[in-house]
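Student: Please take me through this model, and set each term against its definition as we go.

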Amino acid sequence: MQYRTLARTTVSAVGLGAMPLSIEHRPDETQAIATIHAALDAGVTLVDTADSYHRHADEAGHNELLIARALARYGGDTSQVLVATKGGRGRPGDGSWTVTATPTHLKRAAEASAKRLGVDAIGLYQLHKPDPTVPWAESVGALRELLDVGTIRAAGISNVTTAQIRQAHQILGDGLVSVQNRYSPAVRDSEPELRLSEQLGLAFLPWSPLGGISRSSLDGPSGPTSIGTAFHRIAAERGVSPQQIALAWLLARSPAVIPVPGAGRPASITDSARAVDLTLNTQELEELEDVLPG
């Protein structure tokens with residue numbers, strides 16, 4: 001496994017997006033825990049979750065509790081695993097996603113997440129999405145308070161613009177360590193946010209990093225799933241999966257990038273983790289540069 005910098009520490013260059021283990025079409029718990037354990041076996045030390053990763057209205061925190069159980073049952077050392085969770089979104093149980101990022105809600109949500117994860121302080125807590133009904137500075141200010149009282153050790157923001165990144169950086173200073181936006185072979189409109197993150201020394205965690213290779217379950221599909229693109233052709237030439245090519249391409253975009261592909265089966269995360277050992281050559285990167293699946 002290769003490593004990259006996040007939250008003043010190092011984590012695996014590819015993380016595990018645990019959302020598929022708790023939402024619609026989720027696997028049973030035995031398979032879900034096996035998937036998390038497979039990630040750890042592959043050297044993954046970053047697990048991405050959120051209090052809103054659940055299916056039914058009455059099971060908030062399902063994914064966080066699942067991760068806590070999986071870590072407790074793992075036979076190896078988990079002391080270097082960073083569990084990054086998020087607050088500010090909800091699921092009323094009808095398949096939709098809501099946004100609530102008032103300071104009161106975020107502070108209560110962070111405390112609840114820490115309890116579910118069984119930690120004194122959350123390693124990385126991310127504001128899941130800006131709330132259009134709440135001034136951005138107030139939502140980010142709640143993260144500042146959580147840092148100051150020690151509920152969280154580091155803060156991140158997600159689904160944000162460059163202006164929001166700059167304002168959050170002013171408020172949080174070194175407490176801000178990451179940005180998590182949608183970015184993939186099919187969806188590249190967060191390039192400015194990626195470059196600003198790189199400039200500010202922030203990790204950039206693409207969510208739905210396999211968009212165009214596979215679909216996302218959050219906020220609708222991230223792009224058409226296609227065959228016959230350069231990603232698929234190069235994968236065939238290399239004898240690897242298109243998912244590995246997509247992740248290797250993301251890793252080559254910037255040293256700030258740490259993809260967190262979702263997985264619902266042990267084989268999926270084992271395959272994704274192998275992308276860290278795949279180096280694309282200049283010609284391959286040029287061929288992938290302007291490719292948009294369609």
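Student: How do you know that the span of helix H1 (residues 29-41) agrees with its number of residues?

Tutor: The expected span of a helix is 1.5 Å times one less than its number of residues. H1 has 13 residues and should therefore span 18 Å, and its end C-alpha atoms are 18 Å apart, so the two agree. The model is predicted, with local features needing pLDDT of at least 70 and side-chain atom pairs pLDDT 80 or more, while totals for chains, interfaces and linings use all residues. Residues are numbered from 1 along each chain as its sequence is written, and side-chain values use heavy atoms, with hydrogens and water left out.

Student: Which residues of H1 are buried, and what covers them?

Tutor: Buried means under 20% relative accessible area, exposed over 50%, and partly exposed in between (1.4 Å probe, protein chains only). In H1 the buried residues are Ala 32, Ile 33, Thr 35, Ile 36, His 37, Ala 38, Ala 39 and Leu 40. Their cover includes strand E3 (16-17), helix H2 (62-73) and helix H9 (266-273), where contact means heavy atoms within 4.5 Å.

Student: Why does Ala 7 count as buried?

Tutor: Its relative accessibility is 18%, and the cut-off is under 20%, so Ala 7 counts as buried. Ala 7 is in the loop between strand E1 (3-6) and E2, and its phi is positive, near 55°, though it is a residue other than glycine.

Student: Why is Ser 208 called buried?

Tutor: Ser 208 has a relative accessible area of 13%, so it is buried. This residue lies in the loop between strand E11 (203-204) and helix H7 (230-238); phi is positive, about 50°, although Ser 208 is not a glycine.

Student: What makes E3 and E11 edge strands?

Tutor: The open sheet has seven strands in the order E3-E4-E5-E8-E9-E10-E11, with parallel pairing. E3 and E11 each have a single partner strand, so one side of each is left without a neighbour in the sheet.

Student: How do you know that E9 pairs with E8 and with E10?

Tutor: Two strands pair if DSSP finds at least two bridges between them. Three bridges join strand E8 (residues 124-127) to E9, in parallel, and four join E9 to strand E10 (residues 176-180), also in parallel. Ile 157 is the bridge partner of Leu 127, and Val 179 is the bridge partner of Ile 157. On strand E9 (residues 155-158), Ala 155 and Ile 157 on one side and Gly 156 and Ser 158 on the other are all buried, so both faces are covered.

Conventions:
Helices (H or I, at least four residues) and strands (E, at least two) are DSSP runs, numbered from the N terminus.
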